[in-house]
Amino acid sequence: MKVLTYHNIDYPPENAKLKSLYVSPNKFESQIKLLKKLGFQTVLSDEINKSKKNIILTFDDGYRDFVRNAYPILKKYNAKAIIFVVVGLTGKYNLWDWEKLNVKKPLMDWEEIKFLVSEGFEIGSHTITHPYLTKIPEKTAKAEIEDSKKILEDKLGVEIKTFCYPYGDYNERIKDLVADAGYKMAFTTQEGSYEESKDIYQIKRITVFGHYLLPQFLWKFLV
């Protein structure tokens, strides 16, 4: 089973760096349509059964373009997804890397996130402020991990089962903090399949880049 990673479903601004993080809505629809045509089922964290016909779609950071561009396509093809939210920055923008990327990307607000929950999408935590968890004091990292879960659960009224390490930055201690906080699984930026992951707190994924043509996407996904 494969887990795919997306960031922005949109067209990159001219001045933006890392344009590869943007997948155009047209390309995204072609990809979802292809997966459906090939008989793949999108599943959420509590539906995983390691079937080769299952796939998990994940979206990092909780950008507003998910609601505008990805949501209508996913609903059209009856596809599910997990969206990892930076809890302390809802309704703001990517304060953690906007200077590096040369673009301020709007993030979803609470009403938009609640709407997605009502539509059957799964929300996961991406911490409160998107820090490098191994580079801050352990007490601060613990709060980023635990408090983001509590805030999401209080705001949304659902159990938050999944966590995603910002920048893919973690170690054994951070992994233990995630498990101790009550998350059922955690996702990395390491490339590979679900079956290749060391355990459920180090789940590997495949990042989908905007320059992929459909044959490249298919090859990346199937290999």
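Here is a walk through this predicted model, from its opening strand to its salt bridges.

Let's begin with strand β1, which covers residues 2-6. This strand is mostly covered, with five of its five residues buried. In a regular strand, side chains alternate between the two faces of the sheet. Here, Lys2, Leu4 and Tyr6 point one way, while Val3 and Thr5 point the other way. Both sets are buried.

Now for the neighbours of β1. Strand β5, residues 54-61, pairs with β1 in the parallel sense over five bridges. If you want to find that pairing on screen, look for Tyr6, whose bridge partner in β5 is Phe59. Strand β10 also pairs with β1 in the parallel sense, this time over two bridges. There, Thr5 has Thr207 as its bridge partner in β10.

On to the charged side chains. The model has 15 salt bridges. One of them joins Glu29 and Lys76, with the closest N and O atoms 2.7 Å apart. This pair links distant parts of the chain: Glu29 sits in helix α1 (residues 25-37) and Lys76 in helix α2 (residues 65-76), 47 residues apart. How open are the two partners?

Next, take a look at Lys175, which forms a salt bridge with Asp199. The closest N and O atoms of this pair are 2.8 Å apart. Lys175 belongs to helix α6 (residues 172-180), and Asp199 to the loop between β9 (185-191) and β10 (203-207). That puts the partners 24 residues apart, in distant parts of the chain. Is Lys175 buried or exposed? Its relative accessible area is 10%, so this lysine is buried. Asp199, at 26%, is partly exposed.

One last stop: Arg64, Asp109 and Glu112, which are linked in a network of salt bridges.

How values were computed: Residues are numbered from 1 along each chain as its sequence is written. This is a predicted model: local features need pLDDT of at least 70, side-chain atom pairs count only at pLDDT 80 or more; totals for chains, interfaces and linings use all residues. Side-chain values use heavy atoms; hydrogens and water are left out. A salt bridge is a side-chain nitrogen of Lys or Arg within 4 Å of a carboxyl oxygen of Asp or Glu. Helices (H or I, at least four residues) and strands (E, at least two) are DSSP runs, numbered from the N terminus. Buried means under 20% relative accessible area, exposed over 50%, partly exposed in between (1.4 Å probe, protein chains only). Two strands pair if DSSP finds at least two bridges between them.
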